[in-house]
Amino acid sequence: MSAIKPSGIHHAAYRCKDAKETVEWYGKVLGMEYTTAFAEDHVPSTGAYDPYMHVFLDAGNGNVLAFFELPNQPDMGRDENTPQWVQHLAFRVASEDELLAAKDHVESLGIEVLGPTHHGIFKSIYFFDPNGHRVELAADIGTDEQYAELKRVAPLMLDEWSQTKKAPQHAAWLHEIARQEHGVD
């Protein structure tokens, strides 16, 4: 029997504090269209009583972002043992110009934005949604050769990391590109 190979992500689901506020925020800030809602008093997969509102947003190119509001559960929190910058939702924008325009738009709504941050093959901005989820917008800027080199060294890096738990240097050139742009030696 062959291994399963998914054809894509059907949706990614996160918890939200308020479904209506979340739908409105993602529409206003990121232009996502609200497409679908499911609401039940019992969880279909377990049968447990746990009323919820499950909302779906069109994130572009067939990608769907979903949220659950769970009013009977304890207040939403975050994993305090994981830094805030680790868990995030990252969305692609078409160009650096679009990234800068997005930054201006988000800041015009009174939302604090970090970046752009140069990652060698893409640049990103970061901000938080009303639920405390970190959102990233990223514009790819790498060359085909750079992406090919990263793919080539990925297994080497993972093997080295697994053995040493220290950052492998196979792709250190990414950081050099970013440091040069930021004027850091």
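In which loop is Gly31 found? Gly31 lies in the loop between α1 and β2 (33–42), where helices (H or I, at least four residues) and strands (E, at least two) are DSSP runs numbered from the N terminus. The structure is a predicted model, in which local features need pLDDT of at least 70 and side-chain atom pairs count only at pLDDT 80 or more, while totals for chains, interfaces and linings use all residues. Residues are numbered from 1 along each chain as its sequence is written, and side-chain values use heavy atoms, with hydrogens and water left out.

Gly31 counts as exposed because its relative accessibility is 58%, given that buried means under 20% relative accessible area, exposed over 50%, and partly exposed in between (1.4 Å probe, protein chains only). Its C-alpha atom is separated by 23 Å from that of Ile141, a residue 110 positions away along the chain.

Taken as a whole, the chain has four helices and eight strands, which follow one another along the sequence in the pattern β-α-β-β-β-β-α-β-β-β-α-α. The C-alpha trace spans about 55 × 50 × 35 Å along its principal axes, and 29% of the 185 residues count as buried. Among the contacts (heavy atoms within 4.5 Å) with a separation of 6 or more, 49% join residues 24 or more positions apart. The chain exposes about 12,300 Å², of which carbon and sulfur atoms supply 53%; accessible areas come from the Shrake-Rupley method with a 1.4 Å probe, and for residues only the protein chains shown count as cover.

The interior can be described through its nonpolar core, a term for a set of buried Ala, Val, Leu, Ile, Met, Phe, Trp, Tyr and Cys residues joined through side-chain atoms within 4.5 Å. The largest such core has 24 residues, and those with the most contacts inside it are Tyr26, Phe127 and Leu137. At least two residues of this core come from each of α1, β3 (49–60), β4 (63–69), β5 (88–93), α2 (96–108), β7 (122–128) and β8 (134–140), with α1 giving the most, namely five residues. Leaving aside residues up to four places away in sequence, Leu137 touches Leu30, Phe91, Val93, Leu99, Ala102, Lys123, Ser124, Ile125 and Phe127.

Attention now turns to the charged side chains. Side chains of opposite charge can pair when their charged atoms come close. With a salt bridge defined as a side-chain nitrogen of Lys or Arg within 4 Å of a carboxyl oxygen of Asp or Glu, the count comes to six. One of them joins Lys20 and Glu24 at 3.0 Å, N to O, and both of these residues lie in helix α1 (residues 19–30), four residues apart, about one turn of the helix. Lys20 counts as exposed because its relative accessibility is 59%, whereas Glu24, with a relative accessible area of 47%, is partly exposed.

Another salt bridge links Arg152 with Glu149, whose closest N and O atoms are 2.8 Å apart; this pair lies in helix α3 (residues 144–164), three residues apart, again about one turn of the helix. Arg152 is exposed at 51% relative accessible area, and Glu149 is partly exposed at 26%. A further salt bridge brings together the side chains of Arg78 and Glu80 at 3.5 Å, N to O, with Arg78 partly exposed at 32% relative accessible area and Glu80 exposed at 62%.
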